[in-house]
Structures are given as structure tokens and as C-alpha cells.
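Open the model in your viewer and keep the sequence panel beside it. The stops below are given in the order in which to select them.

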Amino acid sequence: MNKYLLTILAVTFLMFSPLLWAGFVGLDDGPYVHNSPVVRGDLLAAFTHIPVVSYVPLTNLSLAMDNFFYDRAGGFHLTNILLHLGIVVLPEVVREQRKQ
């Protein structure tokens, strides 16, 4: 990895790191996390339950896994931070693949 990419990763992590200590926000956490049958353990509902207005089975499964591994909102946010860091790295990976 080059210095540029490491700098972007560090800045991205620093920007999002306060989320590790933040709680849930009351916007859509109720239907997606607190009241979701998927998060409570019914994995089949990931493919049948529509929490608000969108059919989002991968999101439902991701939130169920977060609930299984973490006992607080910071864990859910950690998953989000790792996804953001992955998106930061993705263009560099594509660029390296195109050079070959």
C-alpha cells in the first residue's frame, strides 16, 4: 500500500471513530434493529420481513450478525466503519488489477 492510501484510510478511520462510542439514533433503528424479527433470531424473516419500505435481506442479515457478535451500538458502528474502509481501498485494488 502506498502512503496516499494509508493516509486516506487513517483519515477515514479518524473521521468515523467517534461512532464507536455513540449510541443508536432514533431515525430508523426501531424497525431495523430493535423491533426486527431478524435481529431477534428469525433468520428466515430476513427474506420475508420488510422493515420500513425497502426489501433489504442483506442488510437484515448484516444487522442480525452484528446483534449476535456485539452487545452495544458501537459494534454495529464498527461494522459500518469497516465497510467504509473497504470502500476506500476498493479503487486502489481495481487500479492495481488494471495495471496487470
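**Before you start**

This is a predicted model, in which local features need pLDDT of at least 70 and side-chain atom pairs count only at pLDDT 80 or more, while totals for chains, interfaces and linings use all residues. Residues are numbered from 1 along each chain as its sequence is written, and side-chain values use heavy atoms, with hydrogens and water left out.

**Stop 1: the aromatic pairs**

How many aromatic pairs does the structure hold? There are 2. Rings of Phe, Tyr and Trp (its six-membered ring) are paired if their centres lie within 6.5 Å; planes under 30 degrees apart are called stacked, over 60 edge-to-face, and the rest tilted.

Select Phe 24 and Phe 76. Their ring centres are 5.2 Å apart and the planes stand at 75°, so this pair is edge-to-face. Phe 24 lies in the loop between helix 1 (3-16) and helix 2 (29-34), and Phe 76 in helix 4 (residues 73-99), so the pair ties together parts that are 52 residues apart in sequence. Helices here are DSSP runs (H or I, at least four residues), numbered from the N terminus.

Colour the two residues by accessibility. Phe 24 counts as partly exposed, at 31% relative accessibility, whereas Phe 76 is buried, at 10%. The cut-offs are under 20% relative accessible area for buried and over 50% for exposed, with partly exposed in between (1.4 Å probe, protein chains only).

Now select Phe 68 and Phe 69. These two form an edge-to-face pair, with 5.1 Å from centre to centre and 85° between the planes. Both Phe 68 and Phe 69 are exposed.

**Stop 2: the largest pocket**

The largest pocket has a volume of about 380 Å³. A pocket is found on a 1 Å grid over the protein atoms alone, as an open set of points where a 1.4 Å probe fits, with protein on both sides within 12 Å along at least five of seven lines; lining residues have an atom within 4 Å of a point. Grid points are joined across faces, edges and corners, and the volume is the space filled by probe spheres set on the points.

Which residues lie nearest the centre of the largest pocket? Of the 18 residues that line it, these are Asp 29, Leu 63, Phe 76, His 77 and Asn 80. Helix 2, helix 3 and helix 4 each supply at least two residues of the lining, and the largest share, 5 residues, comes from helix 4. By class, the lining has 9 nonpolar, 6 polar and 3 charged residues. Ala, Val, Leu, Ile, Met, Phe, Trp, Tyr, Cys and Pro are classed as nonpolar, Asp, Glu, Lys and Arg as charged, and the others, Gly among them, as polar.

**Stop 3**

Select His 77, in helix 4. His 77 counts as buried, at 14% relative accessibility. Its side chain reaches the backbone oxygen of Gly 23 at 3.2 Å. Leaving aside neighbours within four places in sequence, His 77 is in contact (heavy atoms within 4.5 Å) with Leu 19, Ala 22 and Gly 23.

Asn 80 is also found in helix 4 and is partly exposed, with a relative accessible area of 33%.

**Stop 4: Asp 66**

Move to Asp 66 in helix 3. Is Asp 66 buried or exposed? Asp 66 is buried, with a relative accessible area of 6%. Its side chain makes a polar contact with the side chain of Thr 79, at 2.7 Å. A polar contact is a pair of N or O atoms within 3.5 Å; within protein, one must be able to donate a hydrogen and the other to accept it, and residues adjacent in sequence count only if both atoms are side-chain atoms. Apart from neighbours within four places in sequence, Asp 66 is in contact with Phe 76 and Thr 79.

**Stop 5: Ser 36**

Ser 36 is in the loop between helix 2 and helix 3 (57-69). Ser 36 counts as buried, at 1% relative accessibility. A polar atom of its side chain lies 3.2 Å from the backbone nitrogen of Val 38. Beyond neighbours within four places in sequence, Ser 36 is in contact with Gly 30, Pro 31 and His 49.

**Stop 6: Gln 100**

Finish at Gln 100, in the segment after helix 4. Gln 100 is exposed, with a relative accessible area of 76%.
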